[in-house]
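The text begins with a single pair of residues and then widens its view.

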Amino acid sequence: MKQVQGPRRTRLRGLLAAACAAAALVPFATAPAGASASAGAVAVRSAAADPGGADGLSPALETRLDRAIRTAMRTYGIPGAVVGAWLPGHGRFVRAFGVADEKTGEPMRTDVNTRIGSVTKTFTVTALLELVDQGRVHLDDPISKYVAGVPEGHRITLRDLADMRSGLYPYTADNGFERDFLAHPTRSFTPQQLLSYGYRHPNLFPPGSQYLYSNSNTVLLGLVIEKLTHTSLSDDVGRRVIAPSDLDHSVMTPTTYLPRPRPHGYTAQTLNGTVADATGWSTSWGWADADMVSDLKDLHDWAYDLYRGTLLSRHTQAQRLRFIPTGQPGLGYGLGVADFNGWIGHNGEVPGYETVDVYLPSERATLVVMVNTDVPYQGNVANAPGDLLATAVTSVITPKNVFP
């Protein structure tokens, strides 16, 4: 949740910066660079990203983790959850909890498809960085070179957009956008329509000077990709990111599409504040920011690929993993990727669904958390249930690196 000039906070934001205020820019140390892509990258990933092998955790650790998850779900009002944790030397923990459908009581399954919200940003920015490696675009190019009409676009670079330092007002923080979407949650938006909501407001600070998580940034990067590739963003990401990473159940789809098996998603982001079933809601409002669908297996694999940069050059991946402060302790942001107290990846939210997809390089551990609610605990928008469950899990499995 981002704070945007005053007390009002937006919910339709894609998560990540739930408690972040704008912060002065101070460079972080560069994290280790990723490996260059190779023909055997996926095979290497399959072994390296699953160091726990087929064995489960020790009975004692599994009992503690199971108890922590169930307690967190009761406390935070989470109907259903899928948790996958892969820990070198300890094994793996893959389990579904609770229900996928509160009306029928259908149990949650580990093979469900879910909306991954702002984890989508990691795919969009990867596609952009591939174009950087090809020399077709440069991170320090101004956005005005590719997209007309952006306020101060001659001063805002693609790098500023990718690491959330553009100063552009988030379109999701506009009252008119929130009203228009929630009045018709199955409607479709064009990227230009989304940006127009943000353009109603002045820029919040000079580009490059501060951090502010804004979905407007990634929408613009999506338009750059479409301009350079002469194809739709969904087709380009599918061809150059999803397919080479061997992700069989991931798709970019700015529609109401959510294939079965799927959990019903529950949200209080409604005009009257009552909880609604958002399973059939459109994600066109998120587009390049938040419109993807995926599953546990693909998210497990992607967390490793994202950190290692298997589709990028070493130089570009090193730039990607330079994290800047965000104003929230333990949280840094790079180029479309975050550092959550050592866990590298992203979280995401759309109405009804929250996801955490992260990799801990110091332990070679992977964590995926998927829940079918975005209703904040005790009504505090900073208390996102998916993040809170990830905190509960990491408090048990990696107490030195607790997810913020």
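**From one bridge to the whole chain**

Valine 251 has valine 293, in strand 9, as its bridge partner. This pair belongs to the link between strand 6 and strand 9 (residues 292–295), which are paired in the antiparallel sense over two bridges. The model in which these residues are seen is a predicted one. The two strands are part of an open sheet of three strands, arranged in the order 4-9-6 with antiparallel pairing. Strand 4 (113–115) and strand 6 (251–252) are the edges of this sheet; each has a single partner strand, so one side of each lacks a neighbour in the sheet.

The wider setting may now be given. The chain contains 11 helices and 15 strands. It has 404 residues, of which 60% count as buried. Contacts in the chain between residues at least 6 apart in sequence are in 70% of cases contacts between residues at least 24 apart.

Strand 2 (residues 80–87) is mostly covered, since eight of its eight residues are buried. In a regular strand, side chains alternate between the two faces of the sheet. In strand 2, Gly80, Val82, Gly84 and Trp86 point one way, while Ala81, Val83, Ala85 and Leu87 point the other way, and all of them are buried.

Which strands are joined to strand 2? One is strand 3 (residues 91–98), which runs antiparallel to strand 2 and is joined to it by eight bridges. Within this pairing, alanine 96 of strand 3 stands opposite valine 82. The two strands form a hairpin with three residues between them, and in the turn glycine 89 has a positive phi of about 80 degrees. Strand 15 is also joined to strand 2, by six bridges, and these two strands likewise run antiparallel. Here valine 83 stands opposite valine 369 of strand 15.

Is threonine 373 buried or exposed? Its relative accessibility is 2%, and therefore threonine 373 counts as buried. The side chain of threonine 373 reaches the backbone oxygen of tyrosine 266 at 3.3 Å. Apart from neighbours within four places in sequence, the residues in contact with threonine 373 are Gly77, Ile78, Pro79, Tyr266, Gly352, Tyr353, Glu354 and Pro385.

Histidine 346 counts as buried because its relative accessibility is 0%. Its side chain is joined to that of tyrosine 333 by a polar contact of 3.0 Å. Histidine 346 also shows how positions separated along the chain are brought together: valine 119 is 227 residues away in sequence, yet the two are 5.3 Å apart in space, C-alpha to C-alpha.

The helices may be considered next. Two packed helices are described by the angle between their axes and the distance between those axes. The axes of helix 3 (residues 120–133) and helix 8 (residues 233–242) come within 10 Å and cross at roughly 75 degrees. Helix 3 is therefore roughly perpendicular to helix 8. On the side of helix 3, the contact is made by Phe123, Thr124, Thr126, Ala127, Glu130 and Leu131, and on the side of helix 8 by Leu233, Asp236, Val237, Arg240, Val241 and Ile242. The residues of this contact comprise seven nonpolar, two polar and three charged.

The last matter is the backbone. Most residues other than glycine have a negative phi, and most peptide bonds are trans. A cis peptide bond, with omega of about -5 degrees, joins arginine 260 and proline 261. Proline 261 is placed in the loop between strand 6 and strand 7 (266–267).

Where does methionine 164 lie? Methionine 164 is in the loop between helix 4 (158–162) and helix 5 (175–183). Its phi is near 65 degrees, a positive value in a residue other than glycine. With a relative accessible area of 1%, methionine 164 is buried. Asparagine 341, which is not a glycine, has a positive phi of about 55 degrees. The loop between strand 12 (338–340) and strand 13 contains asparagine 341. Asparagine 341 has a relative accessible area of 32% and is therefore partly exposed.

Key: Residues are numbered from 1 along each chain as its sequence is written. Side-chain values use heavy atoms; hydrogens and water are left out. Buried means under 20% relative accessible area, exposed over 50%, partly exposed in between (1.4 Å probe, protein chains only). A polar contact is a pair of N or O atoms within 3.5 Å; within protein, one must be able to donate a hydrogen and the other to accept it, and residues adjacent in sequence count only if both atoms are side-chain atoms. Contact means heavy atoms within 4.5 Å. Helices (H or I, at least four residues) and strands (E, at least two) are DSSP runs, numbered from the N terminus. Two strands pair if DSSP finds at least two bridges between them. Axes are lines fitted to C-alpha atoms, for helices over the stretch in contact, and angles run from 0 to 180 degrees between N-to-C directions. Angles under 35 degrees count as roughly parallel, over 145 as roughly antiparallel, 65 to 115 as roughly perpendicular and the rest as oblique. Ala, Val, Leu, Ile, Met, Phe, Trp, Tyr, Cys and Pro count as nonpolar, Asp, Glu, Lys and Arg as charged, and the others, Gly among them, as polar.
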